[in-house]
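Take a look at the picture, then work through the points below.

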Amino acid sequence: MTVPAFAARARALVSRSALLENLAALSGRAGVPLLLPVKADAYGHGLEIVARHAATSPHVWGFAVAVPREAQALAALDLGKPVVLLTPPTPQEVPALADLGVRLPVATLAEADALPGHARAHLKVDTGMNRLGARPEDAVAVGQRLAERGVLEGAYTHFATSDEPDLSFAHEQFRRFQTVLSGLPPLLAHASNGGGILSLGALPGMALARPGLASYGFAPPHLRGVLPLRPVLSLQAQVTFLHDAHAGETVSYGGLYTAPRDLRLATVGMGYADGYPRNATLRAHVTVRGERRPVLGRICMDQFMVDVSGLDVQTGEWIDLWGEQGITVTDVAGWGDTIEYEVLTGLGARVERIAVP
Ligand SMILES: *Cc1c(COP(=O)(O)O)cnc(C)c1O
């Protein structure tokens, strides 16, 4: 790692112990090792930090990524664990991915026939998500072709509603998947995402499970008590300027907020370009010296202003935007009219990711 010449104004502290505890708990409930999704820069946590820590876990079989560039970045880390690509490569990308040892998703006979002999394939079965994969009635023929060619390692499907209270469609999807599997030789089957593990528990015949957001510490509201998951990422940003606003003055773009009295304001080095949702304007709060304080006026591209009246705050001080205790990503996502997935994966490149115990 090269040391940057200038310090970041926002930092994400990524807890190794929280990650490893979540992985152990999820693997325990699923009854199988994990194919850990590290797509989208490990849900914004930093691919390298997460993959290096997770690779030390006995509960992690391998890593799942969305796109070939992520597979390449992971292969370069040489962690000694399989990498599975979840979305279709272009035909031109297949040979190089196979050479890197990346497991490839296959949905059609044409894709099966085009794989080099040293490739390893995971048959993708579309049991109802209608996003990717072979329809159940076509999937067995594709899987058999892969088996004949000696490249069939796994098969998987993806639940559309496993994080919803009504699980009837998830059960139907799993039944369709089992029917396909019954027509194939033994292989590494995987279906559950985090919602599936929390709601359905161990599923018969599965060899792996793929919890994403749950690995990073979050469960859907109705499944929060199922496992003691810990948020992995705590976000902090620096106070870059302190100043006074007088009663009756407005703060930030559009003059949306008027100071009801004289206020002490801290300007903070985090904005929507760093992933703090602009829609959280007039709702957001942060924690300053242990106190919950409001963000005042519009959230800007690179900064926002916080009421620190009565607090002895210094320039350069780190304040807490979210973490394991106090304000959480769930709160910020709610203020921003979005979901934890979008807030975390939206964390920008200017936010430094730092591994902590
Ligand atoms: C993203 C993804 C997952 C992980 O989903 P979570 O809801 O974060 O648990 C699992 N499987 C596939 C195919 C995915 O695309």
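Helix α1 and helix α3 cross in a right-handed way (a crossing is right-handed if the near helix is turned clockwise from the far one by less than a right angle, and left-handed if anticlockwise). Keep in mind that this is a predicted model, where local features need pLDDT of at least 70, side-chain atom pairs count only at pLDDT 80 or more, and totals for chains, interfaces and linings use all residues. Residues are numbered from 1 along each chain as its sequence is written, and side-chain values use heavy atoms, with hydrogens and water left out.

**Helix α1 with helix α3**

- α1 covers residues 16–30 and α3 covers residues 47–54; their axes come within 10 Å and cross at roughly 55° (axes are lines fitted to C-alpha atoms, for helices over the stretch in contact, with angles from 0 to 180 degrees between N-to-C directions).
- That angle makes α1 oblique to α3 (under 35 degrees is roughly parallel, over 145 roughly antiparallel, 65 to 115 roughly perpendicular, and the rest oblique).
- On the α1 side, Arg16, Leu19, Leu20 and Leu23 make the contact, and they meet Val50, His53 and Ala54 of α3 (contact means heavy atoms within 4.5 Å).
- Sorted by class, this contact of α1 with α3 has five nonpolar, one polar and one charged residues (Ala, Val, Leu, Ile, Met, Phe, Trp, Tyr, Cys and Pro are nonpolar, Asp, Glu, Lys and Arg charged, and the others, Gly among them, polar).

**Helix α3 with helix α4**

- α3 also packs with α4 (residues 68–77), at about 50° and with the axes 11 Å apart.
- The two are therefore oblique to each other, and α3 passes α4 in a right-handed crossing.
- Leu47, Glu48, Ala51 and Arg52 of α3 touch Glu70, Ala73, Leu74 and Leu77 of α4.
- That contact of α3 with α4 counts five nonpolar, no polar and three charged residues.

**The sheet**

- Four strands form an open sheet in the order β5-β6-β7-β8, with parallel pairing (two strands pair if DSSP finds at least two bridges between them; helices, H or I of at least four residues, and strands, E of at least two, are DSSP runs numbered from the N terminus).
- β5 (104–106) and β8 (188–190) are the edge strands, each pairing on one side only.

**The domains**

- The chain splits into domain 1 (16–218) and domain 2 (233–356), with bounds from an automatic or database domain assignment.
- Their centres, taken over C-alpha atoms, are 37 Å apart.
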